[in-house]
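Please keep the sequence and the structure in view while reading.

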Amino acid sequence: MAGASLLTLLDDITTILDDVAAMSKMAARKTAGVLGDDLALNAQQVSGINADRELPVVWAVAKGSLRNKAILVPAALLISAFIPWAVTPLLMFGGLFLCYEGFEKLYHSATHSHEPSSEPHADIASLDLQAYEKQKINGAIRTDFVLSAEIIAITLGVVAHTSFMTQVVTLTVIAVLMTIGVYGLVAGIVKLDDAGLYLSQRQGESMLTRLGRRFGHSLVNAAPYLMRGLTVVGTIAMFMVGGGILTHGIHSLSELFNQWAAVVEQWAMLGPVLSFITPSVLNALFGVLAGAIAVLLMSGISKLRS
């Protein structure tokens with residue numbers, strides 16, 4: 001009897017692991033787009049840190065991301081079980097927050113771009129570095145919370161029809177793997193210039209060494225442009241993800257965007273390509289509009305309080 005019970009238990013565990021593996025693959029495919037936005041956003045969020053502090057900052061944000069997911073996974077399971085109607089409004093609130101932060105960043109850049117660099121806020125070197133790092137870390141963790149919530153929500157939608165144990169294990173696996181994958185890549189991106197410097201300073205006259213030095217010089221030269229590009233991509237991703245969450249919650253608007261994409265698809269030559277990018281572009285534009293309204297409302301509330 002004991003042997004039969006043990007075999008049954010092992011069979012159940014194997015079945016759960018098979019289900020988890022299949023569900024994890026499906027969830028990873030569905031969250032790939034959010035993962036790309038998460039990568040761009042977080043690489044952009046931790047830029048501007050001193051070179052010797054980049055990896056500690058990335059590690060601090062990664063730990064914050066794990067804490068976010070440790071909160072989100074049980075919260076998602078509880079909300080899905082008891083108040084499933086609340087999932088969409090909560091996600092929309094997070095999406096609006098992303099749009100707000102994105103537009104606030106654009107507004108701040110536009111209103112401060114012509115101020116002299118001698119201003120205290122424009123000179124990072126004159127700031128308290130610990131306070132600056134803490135500000136960057138907290139901002140990255142807040143942004144990660146919204147993106148992690150969307151990843152968890154998408155994964156929960158994939159595993160909704162499975163057993164409770166499969167849901168728990170799959171959500172945990174996705175949460176851990178996404179965190180390791182995103183912040184491992186972020187760490188690699190922010191240290192590209194150091195890798196290039198190491199390669200450019202290697203000694204020797206072999207063909208491989210000379211090629212390595214050339215490649216290292218190319219990395220060093222390209223790193224600043226890459227980080228600037230990630231800043232732009234990260235800001236756009238804020239509007240795309242935030243706007244996408246908002247339009248998904250407003251069903252009629254989402255349907256309208258899909259109809260426009262279907263109309264564009266009929267165009268000759270570039271129709272399929274334009275149809276593919278049209279929803280993302282429209283989501284980003286809606287995100288900009290939502291962010292602008294949110295910034296105006298928050299500014300008005302702040303003035304009323306003062």
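Rings of Phe, Tyr and Trp (for Trp, the six-membered ring) are taken as a pair if their centres lie within 6.5 Å; planes under 30 degrees apart count as stacked, over 60 as edge-to-face, and the rest as tilted. By this rule, the count in this predicted model comes to one aromatic pair. The rings of Phe257 and Trp260 have centres 5.9 Å apart and planes at 35°, so the pair is tilted. Both residues belong to helix α9 (residues 251-265), where they are three residues apart, about one turn of the helix. Phe257 counts as buried, at 7% relative accessibility, while Trp260 is partly exposed, with a relative accessible area of 42%. Here buried means under 20% relative accessible area, exposed means over 50%, and partly exposed lies in between, with a 1.4 Å probe and protein chains only.

Because the model is predicted, local features need pLDDT of at least 70 and side-chain atom pairs count only at pLDDT 80 or more, whereas totals for chains, interfaces and linings use all residues. Residues are numbered from 1 along each chain as its sequence is written, and side-chain values use heavy atoms, with hydrogens and water left out.

The protein as a whole has 10 helices and zero strands; these elements are DSSP runs numbered from the N terminus, helices being H or I of at least four residues and strands E of at least two. Of its 306 residues, 39% are buried. Among contacts (heavy atoms within 4.5 Å) between residues at least 6 apart in sequence, 79% join residues at least 24 apart.

Where does the nonpolar interior lie? A nonpolar core is a set of buried Ala, Val, Leu, Ile, Met, Phe, Trp, Tyr and Cys residues joined through side-chain atoms within 4.5 Å. The largest such core has 18 residues, of which Val73, Leu77, Leu98, Ile152, Leu156, Leu171 and Val241 touch the most other members. Two or more residues each come from α3 (54-82), α4 (87-112), α5 (129-159), α6 (164-190) and α8 (207-249). The largest share, seven residues, is given by α5. Apart from this core lies another, of 16 residues, including Val61, Val182, Tyr183 and Ala187.

Leu156 can be followed into its surroundings. Leaving aside neighbours within four places in sequence, Leu156 is in contact with Ala76, Leu77, Ser80, Gln167 and Leu171.

Helix α7 (residues 192-200) has Gly196, Leu199 and Ser200 buried. Seen down the axis of α7, the buried residues fall within an arc of 95°, so they line one face of the helix; the arc is that of the directions from the helix axis to the C-beta atoms. These buried residues pack against α8.

Leu274 has its place in helix α10 (residues 271-305) and is partly exposed, at a relative accessible area of 26%. Beyond neighbours within four places in sequence, Leu274 is in contact with Val264 and Trp267.

Confidence is given by pLDDT, the predictor's value for each residue from 0 to 100. The mean pLDDT is 77, and 78% of residues reach 70 or more. Over residues 117-124 pLDDT stays under 50. Where pLDDT is low, the predicted coordinates should not be read in detail.
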